[in-house]
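My plan is to look things up one at a time and jot down what I find.

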Amino acid sequence: MTETGTPRFPRLLVTGGAGFIGSCFVRDVLARKDGTNITVIDKLTYAGNRANLAPVDADPEQSARLRFVAGDIADQTVVARFAAEADAVVNFAAESHVDRSILDPEAFLRTDVLGVHILLEACRTEQERARVGARAAAPRFLQVSTDEVYGSVETGESREDDRLEPRSPYSSAKAGGELLARSYFVTYGLDVVITRGSNTYGPYHHPEKLIPLFVTNAIDDQQLPLYGDGLQRRDWLYVADHAGAIGHVLDHGVSGETYNVAGNNERTNREIVTALLEHLGKPWSLVRQVADRPGHDRRYAMDSSRLAALGWTNTMPFAQGLAATVDWYIQNQDWWRGIKSGEWKDYYQRQYGARLAGSREAR
Ligand code: NAD
Ligand code: DAU
């Protein structure tokens, strides 16, 4: 947004806009009613859900500014067509679940690395068109990355210039994608910015991830599979704060820079599970200690003073965000019960069948 209230990038191409964080970004930008037009490209994988954009569809003024394209970011034809009409590209599209990357890494390379390459090439074509006067300026490219690229951080807080030491197929693919994006800034002078967000939570979060899995299982009095000793630490960031920070970096970030987006709410998994069960009024006896995730990162923590210096502050207090999230899952059971059917049952069996069979009571 500029000082006059008009958007800096009136036409956005948002990839992965039917997923958890991408759909929040789309809903929040369109709800500002500042005239921004958004094209979403989303492959609608098991994690994508067109219904995540239902609040936009319900408002004629907003829905008139949304174009939804069911497509793959690794498909050059689709991407080229819509990049040609965009002032900026915000790439949320990814395979995003660490456990699935351990079961089946290849899809992660295709989307999180090759897909980023295809998007960057489309921006480079647009840069060339700008050079010959066929458009005003090349699109800005924002790559949404993750704190997991730093690897497990036993003490202290990762800073943007720290070494990247990803340890899972997911985080390695994400590191590949963001390094590629950075290389297009260095090599071709493309306008690239990168964000690295911490563990995000909130409404519309796919039930494969810790918080929504445990909340939805607990609602049904199902077992809660806690990996290992449950003392792994994550830094929790509310989804609207994460999406807002990405929008802030899009508008104000320095070209070529990377920005950590921290939540500053570090908790052990046990602390999270305790808080969820308390809010739901469910017993700890639902929790089962199961075989750990292979290569499980023990802790993530980031310093986000660079983003603070850019003028961004999170607004959601953790206890309030967590309570609102649990309440959303209680009130939106059709949304997650639909997802927890079909493909889900095979995945659940593959991921948790043997683990739960060999589990023990978690003390
Ligand atoms: P998500 O899995 O909920 O959503 C991903 C979306 O991308 C889905 O809508 C899916 O259909 C779409 N998609 C997947 N492959 C695609 C392809 N080839 N082409 C087009 N669309 C495709 O993920 P999320 O949690 O919303 O994460 C969004 C981004 O933020 C990802 O890049 C992720 O790495 C990053 N991130 C997530 C977190 C978190 O805690 N969730 C934290 C930091 C960074
Ligand atoms: O840190 C940012 C990352 O956060 C994002 O880049 C990823 O896209 C996102 O999925 C998330 O990754 P994590 O692996 O940290 O999230 P997940 O919800 O899978 O797990 C959180 C913690 O809970 C982790 O220590 C593993 C543990 N866990 C998870 C599941 C699904 C369990 O103990 N049991 C479970 O069943």
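At what angle do helix 8 and helix 10 pack, and how far apart are their axes? I keep in mind that this is a predicted model.

**Entry 1: a helix pair**

I looked up helix 8, residues 210–219, against helix 10, residues 269–280: the angle is about 35°, and the axes lie 10 Å apart. I then checked the hand of the crossing between helix 8 and helix 10 and noted it as right-handed. From helix 8, I listed L210, I211, F214, V215, A218 and I219 as making the contact. Helix 10 answers with N269, I272, V273, L276, L277 and L280. Sorting the contact of helix 8 with helix 10 by class, I got 11 nonpolar residues, 1 polar and no charged ones.

**Entry 2: ligand 1**

Next I asked myself how many residues surround ligand 1. I found 29, and I wrote down I21, D42, S96, Y170 and K174 as the closest.

I went through some polar pairs here. For D42, a polar side-chain atom sits 2.6 Å from an oxygen atom of ligand 1. For S96, an N or O atom of the side chain is 2.7 Å from an oxygen atom of the ligand.

Which elements build the shell around ligand 1? I noted helix 1 (20–31), strand 5 (140–146), helix 7 (169–188) and strand 7 (199–201), each supplying at least two residues. Strand 5 gives the largest share, 3 residues. By class, I have 11 nonpolar, 14 polar and 4 charged residues in the shell around ligand 1.

**Entry 3: ligand 2**

I turned to ligand 2 and found 25 residues around it, the closest being T146, D147, Y170, N199 and R293.

Where does S96 meet ligand 2? I found a polar backbone atom of S96 at 2.7 Å from an oxygen atom of ligand 2. A polar backbone atom of Y227 is 2.9 Å from an oxygen atom of the ligand. For R293, I noted 2.6 Å between an N or O atom of the side chain and an oxygen atom of ligand 2. Taken alone, ligand 2 exposes 690 Å², of which the protein buries 95%.

For the shell around ligand 2, I recorded helix 5 (98–103), helix 8 and strand 8 (224–227) as each giving at least two residues. I counted this shell by class as 10 nonpolar, 8 polar and 7 charged residues.

How values were computed. Residues are numbered from 1 along each chain as its sequence is written. Chains are lettered from A and ligands numbered from 1 in the order in which they are written. This is a predicted model: local features need pLDDT of at least 70, side-chain atom pairs count only at pLDDT 80 or more; totals for chains, interfaces and linings use all residues. Side-chain values use heavy atoms; hydrogens and water are left out. A residue is near a molecule or strand if one of its heavy atoms lies within 4 Å of it. A polar contact is a pair of N or O atoms within 3.5 Å; within protein, one must be able to donate a hydrogen and the other to accept it, and residues adjacent in sequence count only if both atoms are side-chain atoms. Helices (H or I, at least four residues) and strands (E, at least two) are DSSP runs, numbered from the N terminus. Ala, Val, Leu, Ile, Met, Phe, Trp, Tyr, Cys and Pro count as nonpolar, Asp, Glu, Lys and Arg as charged, and the others, Gly among them, as polar. Axes are lines fitted to C-alpha atoms, for helices over the stretch in contact, and angles run from 0 to 180 degrees between N-to-C directions. A crossing is left-handed if the near helix is turned anticlockwise from the far one by less than a right angle, and right-handed if clockwise. Contact means heavy atoms within 4.5 Å. Accessible areas come from the Shrake-Rupley method with a 1.4 Å probe; for residues, only the protein chains shown count as cover.
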